[in-house]
Amino acid sequence: MQFSVQLTLSDRKHQARFLIREETQVACGGNAWPVMTAVRTEVVEGPFGSASSLAEIKLFSYRIPKVLYDLKHFLFVNFQGHGVVGGHFDLPVKKAINFSPPLYRQRYSFVNDLVNQHKPKKVADLGCGNASLIQMIKSHSCLELIVGVDINKDKIGSQRCRLSPFSGEYLSPRDLNLSIILYHGSAVERDSRLLGFDLVTCIELIEHLDSEDLARFPDVVFGYLSPAMVVISTPNSDFNPLFPAVTLRDSDHKFEWNRKQFQTWASGVADFYNYSVEFTGVGEPPEGAGNVGYCTQIGVFRKIGAPATESCVAEQCGQHVYKIVYSVSYPSLQQKEIRKLALANEVSRQVQSMRQRYVSSLRILRRGGGDGHRVSDTGLVPFSGPVFTELEKRKIEKSPEPFRFGNKLYVPLERLLAYPKVNRLCDSVDTMRALIADTVRLSRDGSAVKVDLRDASP
């Protein structure tokens with residue numbers, strides 16, 4: 001929602017600071033109020049000299065109406081008897097503009113869709129902030145390197161937990177290696193470690209650059225880095241009249257361009273550095289708003305001609321300006337120990353499934369084979385359901401069947417290799433045997449996994 005808050009202050013000298021952050025909190029005098037997602041920062045300072053002094057504070061939010069109560073409570077607690085006459089104030093409510101999903105998520109989803117469509121291996125996010133975009137796209141199997149760069153060292157350094165691998169990613173690892181690196185540095189500095197990337201994103205970045213940095217930006221990103229694709233998003237000032245009393249959406253913005261200004265700049269950059277550019281956006285205007293365009297305008301640049309070869313990139317290496325703040329490598333099947341762990345886990349899971357089916361089949365046989373269950377020649381209830389395709393089922397059925405000897409159930413390695421998830425982790429019986437020999441119990445000749453029917457573990 002949008003609000004225009006007017007406070008009538010007493011003639012007592014007073015200094016009021018309101019800090020509204022995008023991190024969903026309002027801070028004043030050391031107190032934080034998580035009542036809104038703001039897109040503007042305002043600071044109002046005293047002293048105020050007379051009872052007629054007015055402080056107008058503009059708060060911008062796309063949150064729920066609960067913010068009304070929280071804001072009133074906040075102002076009353078912090079200002080009654082300390083500058084507000086009788087604790088009273090005027091709080092007219094402006095018409096809301098709600099984006100669903102939130103605008104920032106629409107921007108990230110746009111990039112996420114591009115990654116899904118074009119399958120880049122290396123992506124760099126300039127002005128990565130809290131690394132939310134990186135967190136969204138890191139699950140794509142095509143990615144091998146994701147880099148984030150931001151001028152705010154503390155902000156990117158606090159994202160370690162969000163980007164660290166979860167325990168489940170060790171049990172079900174990626175096919176390819178993935179590294180994520182966060183750098184402290186400026187988007188207008190040259191660093192050779194960002195050469196040769198498939199995609200560079202600059203989401204809500206350029207409007208924070210002063211005129212000098214904005215002039216340097218194209219030469220660094222398009223001229224020096226020269227990635228295959230660049231995505232730039234920036235506010236569309238044609239949309240701003242829909243936000244009452246808005247000049248700039250954030251106090252740190254140095255400018256906000258309308259559609260013609262952005263497209264003129266982007267087209268000039270594209271022509272100079274041999275790129276094509278297409279324009280789109282996110283954040284549809286409300287019905288009846290007229291031809292104001294998207295709230296966020298986006299330019300998608302594509303390099304014309306072949307990208308730089310690895311030899312060309314190597315010749316430019318050696319210029320390291322950024323400082324590493326955080327680096328992590330994700331578990332993948334390219335790493336032998338991770339592959340062993342994942343294979344042992346999957347083999348154990350399949351063997352335990354067969355054991356449970358065998359025990360169930362014995363109960364059925366004791367009851368005379370009733371309940372409509374069919375028991376195979378091996379004493380196992382045949383698998384069924386949508387877990388496997390018909391082709392996969394036939395492959396499994398053609399493989400050597402599990403068998404019982406005494407109180408032990410033996411599952412041939414060839415049988416296990418016929419299961420798709422196991423086959424994904426190794427390509428031969430010999431490889432499987434070598435990888436699982438020290439984690440599961442094998443038969444004397446090493447041709448089968450054995451499990452005690454009285455025990456739950458293979």
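Residues are called buried under 20% relative accessible area, exposed over 50% and partly exposed in between, with a 1.4 Å probe and protein chains only. The model described here is predicted, so local features need pLDDT of at least 70 and side-chain atom pairs count only at pLDDT 80 or more, while totals for chains, interfaces and linings use all residues. Numbering starts from 1 along each chain as its sequence is written, and side-chain values use heavy atoms, with hydrogens and water left out.

A search of the whole structure turned up 13 salt bridges, a salt bridge being a side-chain nitrogen of Lys or Arg within 4 Å of a carboxyl oxygen of Asp or Glu. Among them is the pair R259 and D238, with N to O at 2.8 Å. R259 belongs to helix α8 (residues 259-272) and D238 to the loop between β11 (229-235) and α8, so this contact ties together parts 21 residues apart in sequence. Helices (H or I, at least four residues) and strands (E, at least two) are DSSP runs, numbered from the N terminus. D238 is partly exposed at 25% relative accessible area, and R259 is partly exposed at 23%.

Another salt bridge joins R302 to E278, whose closest N and O atoms are 3.7 Å apart. Here strand β13 (residues 296-303), which holds R302, is tied to strand β12 (residues 275-282), which holds E278; the parts are 24 residues apart in sequence. R302 is partly exposed at 24%, as is E278 at 49%.

Turning to D438 and K340, their closest N and O atoms lie 3.4 Å apart in a salt bridge. D438 sits in the loop between α14 (429-436) and β17 (448-452) and K340 in helix α10 (residues 336-366), so parts 98 residues apart in sequence are tied together. D438 is exposed at 57% relative accessible area, whereas K340 is buried at 16%.
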